[in-house]
Amino acid sequence: MDNAEARRIVAEEHGGILPQFEVFYLLALADHCERALTAWKRGVEALEHNVDNHITIFSEFQEFVARAAAVCRYFWPVSKDHLAQARSEKLKAAFAVGAQSPLRQVRDARDSLEHLDERLDTFQITGAGGQIFPSLIAPERMLDDPTAHVFRLIDPEKAVFVVLGTRIELFPLHSEIQRLYDLLQDVRVKCGRLPPPSRTGS
């Protein structure tokens with residue numbers, strides 16, 4: 001059996017994941033969720049107790065978004081490969097991740113973070129004049145100022161994180177990562193298998 005045929009069988013007959021390998025997907029997702037939640041906790045603590053420490057604050061929230069983006073890839077893979085698409089649909093059904101999931105918003109952020117070097121190349125050309133803000137903790141409306149060129153912004157009141165124009169609503173994303181983590185911990189400890197679709201609802 002060649003590789004293409006094996007991939008077809010796994011995709012079409014097993015929904016993209018062989019039963020004995022489900023635990024590896026659970027472990028990978030749980031690791032990303034746990035690291036995201038750790039970064040979130042550190043970011044919130046820094047924002048509450050040391051708001052002038054921009055390096056820590058932005059590093060932690062950017063790490064949170066990057067980890068959420070890594071989770072997103074399991075449900076919305078970059079690859080259009082038949083196997084990857086089948087796997088993503090199986091995971092969506094198992095964890096009730098649908099079109100309205102806050103994870104979808106980080107697909108654009110994923111591109112921004114993974115191709116940050118290229119976006120910075122463009123940013124320096126299009127943002128010729130005005131004030132430069134490498135990191136800014138301020139109301140989101142600051143971005144409406146055509147003379148302000150902002151690399152990263154956090155609006156604490158709205159709980160919004162923006163990186164080079166890509167906007168992420170943090171609270172819904174955190175709630176979704178927490179929901180997935182709790183469910184992953186439950187099924188990983190109990191059986192190491194994906195939950196059936198009916199368990200998590202629609």
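A residue counts as buried when its relative accessible area is under 20%. In this predicted model, C72 has 0% relative accessibility, so C72 is buried. C33 is also at 0% relative accessibility and therefore counts as buried.

**Cysteines**

The structure contains zero disulfides. C33 takes part in none, and its nearest cysteine sulfur, that of C72, is 12 Å away. A disulfide requires two cysteine sulfur atoms within 2.5 Å. The sulfur of C72 therefore lies too far from that of C33 for a bond, at 12 Å.

**Helix α2**

Helix α2 covers residues 22–49, 28 residues in total. From first C-alpha to last it reaches 41 Å, close to the expected 40 Å. C33 is one of the buried residues of α2. Others in α2 that are buried include L26, L29, A36, L37 and W40.

**The sheet**

Four strands make an open sheet, ordered β1-β2-β3-β4, with mixed pairing. β1 (131–137) and β4 (166–169) are the edge strands; each has a single partner strand, so one side of each has no neighbour in the sheet. From one strand to the next, the twist averages 20°.

β1 pairs with β2 (residues 148–155) in the parallel sense, over six bridges. S135 has R152 in β2 as its bridge partner.

| Helix | Residues | Strands touched | Angle to β2 |
|---|---|---|---|
| α6 | residues 116–126 | β2, β3 and β4 | about 135° |

How values were computed. Residues are numbered from 1 along each chain as its sequence is written. This is a predicted model: local features need pLDDT of at least 70, side-chain atom pairs count only at pLDDT 80 or more; totals for chains, interfaces and linings use all residues. Side-chain values use heavy atoms; hydrogens and water are left out. Two strands pair if DSSP finds at least two bridges between them. Helices (H or I, at least four residues) and strands (E, at least two) are DSSP runs, numbered from the N terminus. Axes are lines fitted to C-alpha atoms, for helices over the stretch in contact, and angles run from 0 to 180 degrees between N-to-C directions. Contact means heavy atoms within 4.5 Å. The expected span of a helix is 1.5 Å times one less than its number of residues. Buried means under 20% relative accessible area, exposed over 50%, partly exposed in between (1.4 Å probe, protein chains only).
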